Amino acid sequence: MSTETLPAQEHPPVAAPAAQETAEPSPWVLAACTATAMLLAALSLSSVFADWRWFPPTAAMIAVLALAGALLRSVPAMRATGSTVLVQFVLAGVLALYLTVSSAMPFGVPTPGAVAELFALLGAGVDDIYSTTAPAASTPGFTAILVVGIGLITILVDGLVSDLRAPKVSGILLLLLWVIPVLLAGTDLAWYHFAAVAGAFLLLMLSRYLSTSVRRAAAYSAVAGALALTLGAVLPIALPPVAQRPQQPLGQPEDISVVNPFLDLRNDLEQGDDSPVLEYVSDDPLAPPLRLTSVSAFDGRTWMPEPFDIDPFAVAADGLPRPDGLSSDTPVAERSADVRILGLDGQHLPAPYAPQSISGLERRWIFDPETLTIVGNGVLTTDAQYEVAYRSVEPTAEQLAEAPAVDAEEFETELALPADMPSVIADTADEVTAGSRSQWEAAVALQDWFRSGEFEYSLSAPAEASSSAIADFLADRRGYCVQFSGAMTAMARSLGIPARIGVGFTAGRPTGEGQYRVSLQEAHAWPELYFEGAGWVRFEPTPGGPAGDPPPWAVSSGTGEDEEAEETAEPTEEPSEDGAEAAPSAAPETPEDEAGPDEESGAEGLSAETLRAFAIAGLVLLVLFVLALPALLRLLQRRLRLTGRAGIGAGTHPRGELARAEGTWTEIAALSRDFGLGWDRARTLRAHEASLIADLDADAAERLRRVVDALEGARYAGAAAVGGIRTGAAPEPGGMTESGGVTEPGDGDPHASRRGQRTPAAAELTGLVRALRRDFTRRRGSPAAVRAALVPASLWKRG
Amino acid sequence: MVGMTALGSEHITHIQSIAQQARTAMNNVLDGKDHAVRTALLTLFSGGHLLLEDVPGVGKTLLAKALGRAVGGSVRRIQFTPDLLPSDVVGVNMFNQEKQAFEFRAGPVFANVVIADEINRASPKTQSAMLECMAENQVSVDGTTYRMPQPFMVVATQNPVDMEGTYALPEAQRDRFTARISIGYPSAAAEAEMLDHHAESDPLASTPAVTTLQEVTHARDLIRHVEATAELRGYIVALMDATRNDPQIALGASPRAGVHLLRTAKVLAVLNGRAYVTPDDVQQLAVDVLSHRIVPREGEDEQLAASLVSDVLRRVPVSGR
């Protein structure tokens with residue numbers, strides 16, 4: 001630090017405590033800064049909204065307020081009184097009416113009705129907040145809230161920057177704005193959102209220095225930038241919602257799946273409502289069911305979808321990953337279905353298994369990579385129209401029969417059975433499948449057993465698939481798809497076959513060439529069993545109701561009485577030959593197709609990794625920031641003290657020169673304590689001076705004497721200072737002071753001949769403190785110096 | 001004459017020079033006893049009295065006499081003995097046959113510097129008569145009040161060794177002395193020189209009067225106007241308070257102790273060339289001014305009392321800031 005930067009400005013020191021602040025920038029510059037900063041900050045909100053309709057009125061509000069502020073502040077009287085802010089408030093109120101409810105003001109004149117309208121709009125906006133998830137459409141309500149809220153913040157920031165000259169405080173307001181996207185759409189935030197807010201903060205910090213020294217501006221921008229970036233990077237991690245949200249089970253946040261479609265089945269079926277739920281066109285001869293989701297978590301009472309991490313970047317429109325466990329030599333048919341939802345308001349998107357991509361839907365439809373369930377992130381299926389490209393997995397019975405055993409650890413949930421499950425279920429499973437040579441045979445045996453005629457399809461069974469209900473069902477042998485699928489899934493699990501229940505609709509009724517219509521009566525559930533190589537394949541144990549016949553691979557090869565069945569209007573099964581035929585045509589495609597989704601998921605993995613990297617970097621920054629916090633506080637404290645601003649507000653410190661001296665003394669004491677040298681408060685100023693001055697160079701020693709002098713004068717001279725005798729002078733060697741004892745040596749008084757000298761300027765004081773720090777470092781060693789900088793004891797220890 | 005509220009630098013320089021000359025003169029008489037000389041001068045200028053506690057023959061009387069000589073004042077010595085009566089000290093009304101009236105015959109206490117030698121040997125009654133003079137600066141005999149000459153300073157001595165048959169001054173009376181010091185044995189060199197010089201000539205004879213009584217009185221008046229800010233006074237109060245709350249001290253310093261401390265500190269400030277008192281002044285004087293007034297729990301012991309006062313100095317923060 002050079003010692004010559006400040007004195008020139010400092011010279012009339014007592015008169016202007018803010019003398020260090022240089023010439024006031026023009027109000028226009030400040031207003032431009034405020035407006036730009038607010039626009040940048042507002043941009044960070046874009047992550048919350050799906051569209052930009054909110055932006056123009058908000059920007060208009062910011063621009064008009066800043067313009068008005070600059071205009072008014074260029075009038076000296078307005079500037080002096082600070083009444084600009086009041087005018088801005090009134091202006092903001094009127095402007096908000098025009099921007100949001102202009103239709104309620106037919107003559108362009110604000111009326112009480114328009115005000116009421118605005119309040120109603122604000123209320124609607126609050127409702128919207130509760131009822132939508134980010135990214136949301138910017139409803140008029142949201143827009144009104146933004147226009148009013150950002151308008152108010154703009155006024156405050158403008159006032160802070162232009163009137164109160166406290167741009168640092170306005171950072172808190174920006175932070176307030178920043179919290180909104182972080183809380184509401186933490187996972188949608190991208191780096192440019194950080195950058196926008198950080199830039200806004202930076203700009204505000206710089207606003208006062210735009211027309212002054214480049215050097216200082218650079219220093220400020222460095223500090224401000226570091227702070228802003230740290231905060232920006234850290235906040236999303238530090239604040240709980242973002243961290244917790246992905247861990248929340250699918251059911252919890254708002255609407256994503258309060259619905260367990262499995263539990264609604266009974267209702268759907270019993271309603272007997274055959275008004276269409278959806279229509280679709282498909283060329284798939286197998287006519288697979290349209291799956292909503294699959295449920296696999298079974299706690300003995302209910303079957304629940306297994307919670308999955310909601311990853312807003314797993315956008316279904318970008319393609320879904322290859323289904324779990326599907327090997328390349330398994331026959332696969334690429335199919336597609338054009339679906340039109342007619343009467344379904346759900347979170348789950350009906351799609352045949354295994355969906356590979358969705359087109360025609362917005363990007364808020366996301367998927368669970370495990371189950372390939374597609375859910376709306378805040379959107380419903382209402383009136384959706386889309387095309388599903390799916391991979392119809394069509395394994396051969398032989399292949400399934402030869403499938404190796406699965407690794408049980410990978411299918412914890414899909415093999416889990418409640419500990420208290422009645423033993424009759426497992427016993428029956430063993431009994432029925434006795435003699436099976438493979439898991440596939442066992443599965444087919446189970447399915448065939450259910451379909452053998454011993455079971456009766458009946459909606460009168462209890463609407464449950466709890467373990468006791470399954471046991472009852474095995475005794476009563478009456479039930480519907482819930483019981484059949486539940487029982488078969490539980491029994492398959494007891495045999496070591498990973499199993500889950502697919503929930504959705506059966507293929508529905510054909511209405512024309514490849515056209516189908518599905519009503520609620522077609523609601524259905526079926527077991528899905530996992531075979532190595534084929535992945536999840538469905539079985540069909542339900543012998544009646546909407547359920548059709550088992551799929552071809554679920555029919556034991558000996559019992560192929562339906563093998564030759566044509567593709568009927570109500571297609572149920574595919575002849576195994578067809579499956580085999582389909583396989584060669586599909587197989588070559590497979591490797592290429594694999595590349596597609598895999599690449600996609602690779603890209604997604606990358607972005608997730610980037611996010612993680614962001615998170616880690618943020619965490620590191622947070623840790624660094626926390627570690628550096630004491631040092632930063634001390635730096636700030638030192639600066640305030642050396643410039644004589646430390647005590648403002650406390651009311652104990654005088655202003656100006658003296659405040660600088662007092663501040664310096666406090667700082668020296670703090671520094672001494674930081675270094676573990678202590679600070680004996682029972683020692684007098686001169687006693688301290690004597691011990692401090694020993695190793696100082698002449699310059700620093702002189703500054704220290706002047707500081708002590710100023711303080712002694714202020715504390716003890718009282719009226720005598722006016723009389724002019726401030727300095728001690730012992731005219732003869734030895735004087736009347738005494739050697740030794742607790743006070744200074746008596747040989748001459750170095751304070752002599754210093755009458756009328758000023759307290760050193762802030763820069764000189766900085767030099768003095770630095771010299772002392774060097775001296776302390778010499779005395780205590782470098783480790784102590786590092787400790788003093790990073791863990792300054794004076795921050796928490798007094799005296 | 002200068003306005004009474006202003007203490008100009010010229011006054012300070014003047015007082016400094018008087019004090020310095022007196023000090024030099026006295027140092028010529030008492031070799032190597034600068035501390036005692038300095039304390040004696042400080043006490044004189046503060047308008048107080050001095051208690052010398054020392055073994056015989058170290059120069060207690062010499063110090064007092066040198067002081068009196070240096071300021072050009074009268075010096076009287078009273079040897080206190082058990083049979084000394086108050087009237088022997090302050091004087092009596094005697095019937096004058098010629099004038100057919102009682103007239104006051106001033107006792108030895110009417111002098112500028114009074115040496116109360118071995119004051120602990122006198123009866124309490126006589127001691128208190130002496131102390132009344134010190135406190136009131138006046139004597140009342142048969143209803144008539146006689147003022148002491150100004151400046152008036154008592155230098156009392158006590159022999160701490162030979163205490164048999166003595167009446168040691170109680171705390172209340174010790175409190176009236178501004179400072180207590182011991183002169184102590186001279187250093188070997190000083191003692192050798194003393195033998196050399198004093199054997200052949202009376203050192204006092206060559207001591208010049210460096211100033212006048214008027215100047216000393218005037219200086220005392222001026223010194224009263226040395227600035228002591230609220231902060232400084234607060235520090236003194238804190239010191240007093242600390243002696244009273246010290247668990248090792250049975251009896252702390254009296255309010256008068258604070259007054260005496262401030263008065264001497266003012267003198268020291270001026271002698272250091274300042275028109276205001278700083279805590280440095282207070283700290284330098286505290287041991288001399290306070291230690292004879294406090295009573296340590298462990299029993300009366302000069303050394304212990306002095307170290308307790310030093311502890312207090314080390315403990316009490318100088319500034320609230």
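pLDDT is the predictor's confidence in each residue, from 0 to 100. The views below show a predicted model.

**View 1. Confidence along chain B.** Chain B has a mean pLDDT of 84, and 95% of its residues reach 70 or more. Within chain B, helix α10 (residues 255-271) has the highest confidence, with a mean of 92. Confidence is lowest in helix α7 (residues 188-198) of chain B, where the mean is 77. Residues 1-5 of chain B have a pLDDT below 50. Beyond near neighbours in sequence, that stretch makes 4 contacts in the model. The ipTM of the model is 0.82 and its pTM is 0.48.

**View 2. The fold of chain B.** Chain B contains 12 helices and 11 strands. Of its 321 residues, 48% count as buried. Among the contacts in chain B with a separation of 6 or more, 76% join residues 24 or more positions apart.

**View 3. The largest nonpolar core.** In soluble globular proteins, nonpolar side chains tend to be buried together. The largest nonpolar core in this model has 101 residues. L67(B), L261(B) and A286(B) have the most contacts inside this core. Helix α10(B) gives the most to the core, with 9 residues.

**View 4. The surroundings of A286(B).** Which residues does A286(B) touch, not counting residues up to four places away in sequence? They are L239(B), L261(B), V309(B) and L313(B). Both A286(B) and L261(B) are among the residues with the most contacts inside the largest core.

**View 5. A second core.** A separate nonpolar core has 97 residues. Its members include A403(A), V444(A), A492(A) and W553(A).

How values were computed:
Residues numbered from 1 in each chain as written. Chains lettered and ligands numbered in written order. Predicted model: local features only at pLDDT ≥ 70, side-chain atom pairs only at ≥ 80, totals over all residues. Helix = DSSP H or I, 4+ residues; strand = E, 2+ residues; numbered from the N terminus. Contact = placed C-beta atoms within 7 Å. Buried ≥ 20, exposed ≤ 12 C-beta atoms within 10 Å, placed from the backbone. Core = buried A, V, L, I, M, F, W, Y, C linked by C-beta atoms within 7 Å.
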